[in-house]
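Biologist: Can we go through this one together? I'll ask as we go.
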Amino acid sequence: MAKREVQEINAGSMADIAFLLLIFFLVATTMNVDTGLQRVLPPFSDQTQNQEVEVKKRNLLLVFVNKFDDIQVAGERMDITQVKDKAKEFILNAANSPDLPEKVDTEIDLIGSYPVSQGVISLQNDRGTSYNKYIMVQNELTRAFNEVRNEVSLQKFGRSFAELDEKEREAITKAVPLKISEAEPKNIGGK
Amino acid sequence: MAVMNKKGKKSVGAISTSSLPDVIFMILFFFMVTTTMREQELFVRFRLPEATEVQKLEKKSLASYIYIGPPTAQMAAKFGTAPRIQLNDSYHQAFEIGEFIASEKDKLNEADRVAMTVVLKADNMTRMGIITEVKQELRKANALKISYAASKSLGY
């Protein structure tokens, strides 16, 4: 027992330990993707009251959500399920009705001349409107635009909007611009 | 060689696994480094509204978060239940958003500042009053790209 050779430490289990740590990290890291409705706010201006851009009446679809979460679109009260179709009808103006937005022929890459609707959807809310309803309405409006884009895309490229490549998508976005104006806050009907 | 074969099976030496831990550690370190444990303590409760047309946030590094909702259970004793705005890790008033945005913008490099997105994580029971105030402040601070955080749903 004078001199015993020091045995090599068995490193075989090291891999297991490392694996364990690896699996812990894999499980513990939440790769939560943030999803949401993306919007661009209008730049701030001080004289907001007078600054309102003049928009022809026919080019404006007024969507108002009051503090009881009732929805009014273009003067008539509506259920949330009707909003999308109304918005679509407004964006498309398929029959070129004089009450619905005018269209301006615009030259767009890949598509050529396309009558771009001049319509703007103005979304107004009360201070008391619930966020939930507001998002629901925003969602419906987005859905209307997305559906129109899809239709145009099918018509022009024969594929759905999601399948288009970057350039084609840009063209369609130009043809059907997302025009939702989140108007200045109003306090209608008191607090 | 022939002689050896005749002798019988030559035992194939066990494959050395001594470098396996190194490989695994490498993967481990990769994960440890890449996962940002951005564990911001939340002082507000929120249930995100649901929407069908949600888009993924493209660049998380360019996102700043504003949380709006009623204080959490522990904080409720002190702060009540009225919705609050949380920036970084404390409650703030709407007018302080400008400062918050400025500091967030400072963290980004020049080229990315335009692409900065503010993610509004608000409770679905919140009233629009407070959200409109936040939006107005964001407009003043010139942080115009926003995202209303919502979870994906299948619609009604």
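**Val63(A) and its surroundings**

Modeller: Setting aside neighbours within four places in sequence, Val63(A) is in contact (C-beta atoms, placed from the backbone, within 7 Å) with Ile71(A), Val73(A), Ile121(A), Ser122(A), Leu123(A), Gln124(A) and Val137(A). This is a predicted model, where local features need pLDDT of at least 70, side-chain atom pairs count only at pLDDT 80 or more, and totals for chains, interfaces and linings use all residues. Residues are numbered from 1 along each chain as its sequence is written, with chains lettered from A and ligands numbered from 1 in the order in which they are written.

Biologist: Is Val63(A) buried or exposed?

Modeller: Val63(A) has 25 C-beta neighbours inside 10 Å and therefore counts as buried; the cut-offs are 20 or more for buried, 12 or fewer for exposed, and partly exposed in between.

Biologist: Which strand is Val63(A) found in?

Modeller: Val63(A) is in strand E2 (residues 60-65) of chain A. Strands are DSSP E runs of at least two residues and helices are H or I runs of at least four, numbered from the N terminus.

Biologist: Switching to helices. At what angle do the axes of H3(A) and H4(A) cross?

Modeller: Roughly 40 degrees, with the axes of helix H3 (residues 80-92) of chain A and H4(A) coming within 8 Å. Axes are lines fitted to C-alpha atoms, for helices over the stretch in contact, and angles run from 0 to 180 degrees between N-to-C directions.

Biologist: What do we call H3(A) and H4(A) relative to each other?

Modeller: H3(A) and H4(A) are therefore oblique to each other. Under 35 degrees is roughly parallel, over 145 roughly antiparallel, 65 to 115 roughly perpendicular, and the rest oblique.

Biologist: Now the interface. How many residues does each chain give to the contact?

Modeller: Chain A gives 40 residues and chain B gives 47 residues. On the side of chain A that touches chain B, the elements giving two or more residues are helix H1 (12-28), strand E1 (35-40) and helix H4 (131-157) of chain A.

Biologist: How does E1(A) run against E2 of chain B?

Modeller: E1(A) and strand E2 (residues 55-56) of chain B run antiparallel, joined by 2 bridges. Gly36(A) stands opposite Gln55(B) there.

Biologist: And what is the strand order in the sheet?

Modeller: The open sheet of 7 strands goes E2(B)-E1(A)-E7(B)-E6(B)-E3(B)-E4(B)-E5(B), with mixed pairing; two strands pair if DSSP finds at least two bridges between them. The edge strands are E2 and strand E5 (90-92) of chain B.

Notes: Two residues are in contact if their C-beta atoms, placed from the backbone, lie within 7 Å.
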